[in-house]
Amino acid sequence: MFLGSIGFPILINLKDKLFWKIKKQLFPSTGEQTNFIRFDLNTKLVLITSSILVAAGTVLFLIFEYDGTLKDMSFFTKIVQSLFNAILPRTTGFASVNPADFQPSTILLVCLLMWIGGSSQSMAGGVKVNTVAVLFLNLKSIITGSDQTGAFHRAISEKAVLRAYAVAFIATVCVFVFSFILILLEPGQPIRSIIFEVMSALFTVGSSLGLTPVLSGESKFVLCIAMFLGRVGLLSILIGLLGHRGAKGCSFPNEHIIIN
């Protein structure tokens, strides 16, 4: 699950780095470093952010469910279950314990992990780890007064920063819109189960609190749309439909907007 969530570019970069290390050991260089293979910025951000998410998710899940769904398990099994359940919401819908029995705090944690998802060009959904990393780095640059967003002595393009904000904003709006529609279609169902169902569909996870079998045909059709948009990417669809309508070949005067 972890390998599937970190993305093919990262796996290729790791493979190239490993082969370079092996080649360097077997055939020592004469001093030239022309074929040096390094971890690029994308690989570093994804691996570090993913590791933080897995570690934090494992600890929080263990704390929240220690006397809950993990109550009758040995301490080692609790750790393994916590690790498993910290990884799976970001990429797949396996269930080693019943999500319907989770504490409210655990459900909120799982929703956050589903929202984040895996990395770009991976098998996972979500807004992507790359997006979250860029958002935090941009927030850091704003707080510190830096003119550039970057890490590891590398700058991140302004276009990438704006795209990260667009992806996060669209994903959040979609969660609200689809949840609102399902609440109207299923007025008798718990709101937390509906929101969980929507996020699981929209971010292609596949988990459920047990609501799926009792949904109406209309609600399931709405979730089908959410799954399709989540897999293809709403931003990609919007760019494909409306990207050619933007004003090209001209620039407009700058105007200051007050942002608190």
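**Figure 1. Helix 6 spans 23 Å from its first C-alpha to its last.** Helix 6 has 16 residues, and its reach is close to the 22 Å expected at 1.5 Å a residue. The expected span is 1.5 Å times one less than the number of residues in the helix. Helices (H or I, at least four residues) and strands (E, at least two) are DSSP runs, numbered from the N terminus. This is a predicted model: local features need pLDDT of at least 70, side-chain atom pairs count only at pLDDT 80 or more, and totals for chains, interfaces and linings use all residues. Residues are numbered from 1 along each chain as its sequence is written, and side-chain values use heavy atoms, with hydrogens and water left out.

Which residues of helix 6 are buried? They are Val-129, Asn-130, Thr-131, Val-132, Ala-133, Val-134, Leu-135, Leu-137, Asn-138 and Ser-141. Buried means under 20% relative accessible area, exposed means over 50%, and partly exposed lies in between (1.4 Å probe, protein chains only). The buried residues pack against helix 3 (41–65), helix 5 (104–116), strand 1 (149–151), strand 2 (154–156) and helix 7. Just after helix 6 comes Gly-145, with a positive phi of about 80 degrees.

**Figure 2. Thr-131 is a buried residue of helix 6.** Helix 6 covers residues 129–144, and Thr-131 lies in it. Thr-131 counts as buried because its relative accessible area is 9%. What does Thr-131 touch, not counting residues up to four places away in sequence? Its partners are Ala-164 and Val-167. A contact means heavy atoms within 4.5 Å.

**Figure 3. Gln-148 sits in the loop between helix 6 and strand 1.** Gln-148 counts as exposed because its relative accessibility is 56%. Leaving aside neighbours within four places in sequence, Gln-148 is in contact with Ser-141 and Ala-155. Gln-148 and Leu-137 are eleven residues apart in sequence. In space, their C-alpha atoms are 9.5 Å apart.

**Figure 4. Phe-152 and His-153 have positive phi values.** Most residues other than glycine have a negative phi. Phe-152 is not a glycine, yet its phi is positive, about 55 degrees. For His-153, also a residue other than glycine, phi is near 60 degrees. Where is Phe-152 found? Phe-152 lies in the loop between strand 1 and strand 2. His-153 is found in the loop between strand 1 and strand 2 too. Phe-152 is partly exposed, because its relative accessibility is 39%. His-153 reaches 81%, so this residue counts as exposed.

**Figure 5. A nonpolar surface patch covers about 760 Å².** Its residues are Phe-169, Val-173, Phe-176, Val-177, Phe-180, Ile-181, Leu-184 and Leu-185. Patches are made of residues with over 30% relative accessible area and no salt bridge; like charges are joined within 9 Å, and nonpolar side chains (Val, Leu, Ile, Met, Phe, Trp, Tyr) within 5 Å. Accessible areas come from the Shrake-Rupley method with a 1.4 Å probe; for residues, only the protein chains shown count as cover. Leu-184 lies in helix 7 (residues 158–185). Is Leu-184 buried or exposed? Leu-184 is exposed, because its relative accessible area is 57%.

**Figure 6. Helix 4 spans 19 Å from its first C-alpha to its last.** Helix 4 (residues 75–87) has 13 residues, and its reach is close to the 18 Å expected at 1.5 Å a residue. Its buried residues are Lys-78, Gln-81, Ser-82, Asn-85, Ala-86 and Ile-87. Their cover includes helix 1 (2–6), helix 3 and helix 5.

**Figure 7. Lys-15 forms a salt bridge with Asp-16.** A salt bridge is a side-chain nitrogen of Lys or Arg within 4 Å of a carboxyl oxygen of Asp or Glu. By this rule, the count comes to one. The closest N and O atoms of Lys-15 and Asp-16 are 2.9 Å apart. Lys-15 is partly exposed, because its relative accessibility is 37%. Asp-16 is partly exposed as well, at 30%.

**Figure 8. Cys-174 is buried, whereas Cys-224 is partly exposed.** The relative accessible area of Cys-174 is 9%. For Cys-224, relative accessibility is 44%. How many disulfides does a search of the whole structure find? The search finds zero. A disulfide is a pair of cysteine sulfur atoms within 2.5 Å.
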